[in-house]
Amino acid sequence: FTGGRGITYIERKADGTITNLWPLDPNKVRVERMLDGRKQYKTSNRIYSSTEIIDLPFMLKANGTDVRGPIMTNKDAIGMAIAASRYGAKAFQSGGIPPAVLTGPFQSAAGAVRASDDVAKTMAKLGTQGRSVMALPLGHELKSIGFNPEQMQLLELQRFSIEQIARIYSLPPVFLQDLTHGTFSNTEQQDLHFVKHTIKRWVEQAEAEINLKLFGRGSDLYAEFNVDGLLRGDFKTRMEAHATAIQNGIRTPNEVRDIENLPPRAEGDNLMIQGATVPMGSQMGSNADA
């Protein structure tokens, strides 16, 4: 999520048993495609086959080996946020006084330089003392150049930069602590958006890579991420969902108790279903056959 790729070496014993997973620095690994189409991963002292590597790219380029890093690909948007923050800090360091140009009846170039230095020292002194009034010699004029933070809509620009960075990772802005448009009702919905449209694709990519490289095709073993905890809503909504799952034979009472971190109960491992829900024509006292 920074450089654009995560690479992990799978350490195995001679009999194929996995003993460790070692993360490698992607900046020191070169990915190449061999003639048979397989990938190999080169470092300064070793070459790894694709079966030894768990490779999780942020976004692959057209050649299928190189990646697009989110930060370098969107460096302009991130740079704009950094520049806005630096400009705001610089503006307030000078007491909020924008850059200016001094005009007047200067007798020489050296006199203009001295006058400019005097004005700069005076402005710095005003900024430290919190004063806002400065006197100029007769015939001189001080004009601001550029825009001040208010004219540049600096606050709006910083909020827009947060939204731009949120788009890079498909994050709702509330996850970057921007609560401008956050409410009690839509914040929970943004949690659902985060799981469905952001986490889901990365989870599925990681699961597919782990299952292929660690267990192989056709294995009964598999890795799976459980995101139920991320979807836990308010207590009322959660209890209603659990009740529906139990009454329709989707989950057992003990499975629900485990989700809620409660101890299991006897007879809680059986699937249950509403007794009133029966096939049509089989109700007690029905004269459908008459």
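This dialogue explains how several features of the predicted model are read.

Colleague: Which conventions apply to this model?

Modeller: The model is predicted, so local features need pLDDT of at least 70, side-chain atom pairs count only at pLDDT 80 or more, and totals for chains, interfaces and linings use all residues. Numbering starts from 1 along each chain as its sequence is written, and side-chain values use heavy atoms, with hydrogens and water left out.

Colleague: How many salt bridges does the structure hold?

Modeller: Side chains of opposite charge can pair when their charged atoms come close. The criterion for a salt bridge is a side-chain nitrogen of Lys or Arg within 4 Å of a carboxyl oxygen of Asp or Glu. The structure holds eight salt bridges. One of them joins Glu32 to Lys42, with the closest N and O atoms 3.2 Å apart. Glu32 lies in strand β3 (residues 30–33) and Lys42 in strand β4 (residues 39–42), so the pair ties together parts that are 10 residues apart in sequence. Strands (E, at least two residues) and helices (H or I, at least four) are DSSP runs, numbered from the N terminus. Arg30, Glu32 and Lys42 are linked in a network of salt bridges.

Colleague: Is Glu209, which meets Lys213 in a salt bridge, buried or exposed?

Modeller: Buried means under 20% relative accessible area, exposed over 50%, and partly exposed in between (1.4 Å probe, protein chains only). Glu209 is buried, at a relative accessible area of 14%, and Lys213 also counts as buried at 14%. Their N to O distance is 2.6 Å. Both residues lie in helix α5, four residues apart, about one turn of the helix.

Colleague: How many aromatic pairs does the structure hold?

Modeller: Rings of Phe, Tyr and Trp (its six-membered ring) pair if their centres lie within 6.5 Å; planes under 30 degrees apart count as stacked, over 60 as edge-to-face and the rest as tilted. The structure holds seven aromatic pairs. Among them, Phe58 and Trp202 are stacked, at 5.3 Å centre to centre and 25° between the planes. Phe58 lies in the loop between β6 (53–57) and α1 (70–73) and Trp202 in helix α5 (residues 184–215), so the pair ties together parts that are 144 residues apart in sequence. Both Phe58 and Trp202 are buried. Ring pairs link Phe1, Phe58, Tyr169 and Trp202 into a cluster.

Colleague: Which residues form the largest nonpolar core?

Modeller: A nonpolar core is a set of buried Ala, Val, Leu, Ile, Met, Phe, Trp, Tyr and Cys residues joined through side-chain atoms within 4.5 Å. The largest has seven residues: Ile7, Tyr9, Val29, Val31, Tyr41, Tyr48 and Ile53.
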